[in-house]
Amino acid sequence: MARIYTRTGDKGESTLMGGVRASKAHARFEAMGDVDELNAAIGVAMAAQADPKVLDILRRTQNALFTVGAELSVASGKRANVPKVTPDDVKALEGAIDAMDPGKITEFIMPRGSMAVATLHLARTVARRAERHAVALSKRETVNPELLRYLNRLSSLLFTLAVWVQRNEGTPQEHPTYSR
């Protein structure tokens, strides 16, 4: 059996696609790590879902996140044979958002509820962090604008799914209380 460890990262560096060594604290690794965490959070959300439509959307989203991660793994200025996020990927998310539209939202939505709802909200917050780190990377290096649009739409999709699932479960949304 091949070893799972290589020892090449023991000094805090790793290799990006294109052969460039970089600090594990580099903005590109931050964004890649967030996308990896997001994919895992979506996997947890899938384990809590019962609706086949929601599961299908999340499954397709996980597959697309592999493209996002692959694209982020390429060192700036290097070429690698990896797929790229396209306008069609963004349109697919928009179509899923439109298809799962929960109707008018007139109140603040608390990120809680059943396990199915709460895990979608958690995935949404990870998606927002992934987007922030990808945007930060884009201020230093070239990042595909479609990838940034994709991550922006993804947090909207996860919010939409959380509200849709909660409403379809029939559990009322608790309204936030404010204290000083």
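Helix α5 covers residues 145–169 of this predicted model. At 1.5 Å a residue, its 25 residues should span 36 Å. At the start of α5, Asn-144 directs a side-chain oxygen to within 2.8 Å of the backbone nitrogen of Glu-146. Just after the helix comes Gly-170, with a positive phi of about 80°.

Helix α2, residues 52–72, packs against α5. Two packed helices are described by the angle between their axes and the distance between the axes. For α2 and α5, the angle is about 160° and the axes lie 12 Å apart. Helix α2 is therefore roughly antiparallel to α5, since angles over 145 degrees fall in that class. The crossing of the two helices is left-handed. On the α2 side, the residues that meet α5 include Val-54, Ile-57, Leu-58, Thr-61, Leu-65 and Val-68. Lys-53 and Glu-71 of α2 also take part. On the α5 side, the residues include Leu-147, Tyr-150, Leu-154, Leu-158, Leu-161 and Trp-164.

Arg-167 also belongs to α5. Beyond its neighbours within four places in sequence, Arg-167 is in contact with Pro-102, Gly-103, Lys-104, Ile-105 and Glu-107. Pro-102 is 65 residues away from Arg-167 in sequence. In space, the C-alpha atoms of Arg-167 and Pro-102 are 7.4 Å apart.

How values were computed
Residues numbered from 1 in each chain as written. Predicted model: local features only at pLDDT ≥ 70, side-chain atom pairs only at ≥ 80, totals over all residues. Heavy atoms only, no water. Helix = DSSP H or I, 4+ residues; strand = E, 2+ residues; numbered from the N terminus. Expected span 1.5 Å × (residues − 1). Polar contact = N/O pair within 3.5 Å; in protein donor to acceptor, adjacent residues only side chain to side chain. Contact = heavy atoms within 4.5 Å. Axes fitted to C-alpha atoms, helices over the stretch in contact; angles between N-to-C directions. Parallel < 35°, antiparallel > 145°, perpendicular 65-115°, else oblique. Left-handed = near helix turned anticlockwise from the far one by under 90°.
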